[in-house]
Amino acid sequence: MQNDEGDNVDLYVPRKCSWTHRLVTAKDHASVQINVANVDPVTGIATGESTAYALTGYIRNKSEGDMALSALVTENDAKTLTASSEE
């Protein structure tokens, strides 16, 4: 919920899994959030910014966490390279 000034006033804002788009509940103690550094495509040096990926315990329990994270990072990298080449 937001107040009149547009600030979030909720006590708890649930996250969503980046791979399955399921809600990460408060009781999902197997879930993780991994921040991956953004890298400049020209120099190969980290820019100081990062992209957060949340994975639920369901994905990790099925042993698909590594595959999901790799696919998400590859997809984001392809989008970044496409956007930088259009400039």
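Thr-56 is buried, with a relative accessible area of 2%. The model is predicted. Because buried means under 20% relative accessible area, the 2% of Thr-56 puts this residue in that class.

Thr-56 sits in the loop that links β4 (46-55) to α1 (57-61). Leaving aside residues up to four places away in sequence, Thr-56 is in contact with Cys-17, Thr-20, Arg-22, Leu-23, Val-24, Asp-28 and Ser-31.

The protein chain as a whole holds 4 strands and 2 helices. Their order along the sequence is β-β-β-β-α-α, and the loop with Thr-56 lies between β4 and α1.

Overall values for the protein chain are given below.

| Property of the protein chain | Value |
|---|---|
| Radius of gyration | 16 Å |
| Box filled by the C-alpha atoms, along the principal axes | roughly 40 × 40 × 20 Å |
| Distance between the mean positions of positive and negative charges | 15 Å |

For a compact globule of 87 residues, the radius of gyration would be near 12 Å, whereas the protein chain has 16 Å. Of the 87 residues, 16% are buried, and Thr-56 is one of the buried residues.

Among contacts in the protein chain with a separation of 6 or more, 38% join residues 24 or more positions apart. The charges of the protein chain comprise 7 positive and 13 negative ones.

How values were computed
Residues numbered from 1 in each chain as written. Predicted model: local features only at pLDDT ≥ 70, side-chain atom pairs only at ≥ 80, totals over all residues. Heavy atoms only, no water. Rg over C-alpha atoms; globule rule 2.2 N^0.38 Å. Buried < 20%, exposed > 50% of the residue type's maximum accessible area, 1.4 Å probe, protein only. Contact = heavy atoms within 4.5 Å. Lys, Arg positive; Asp, Glu negative; His and termini not counted. Charge placed at Lys NZ, Arg CZ, Asp CG, Glu CD.
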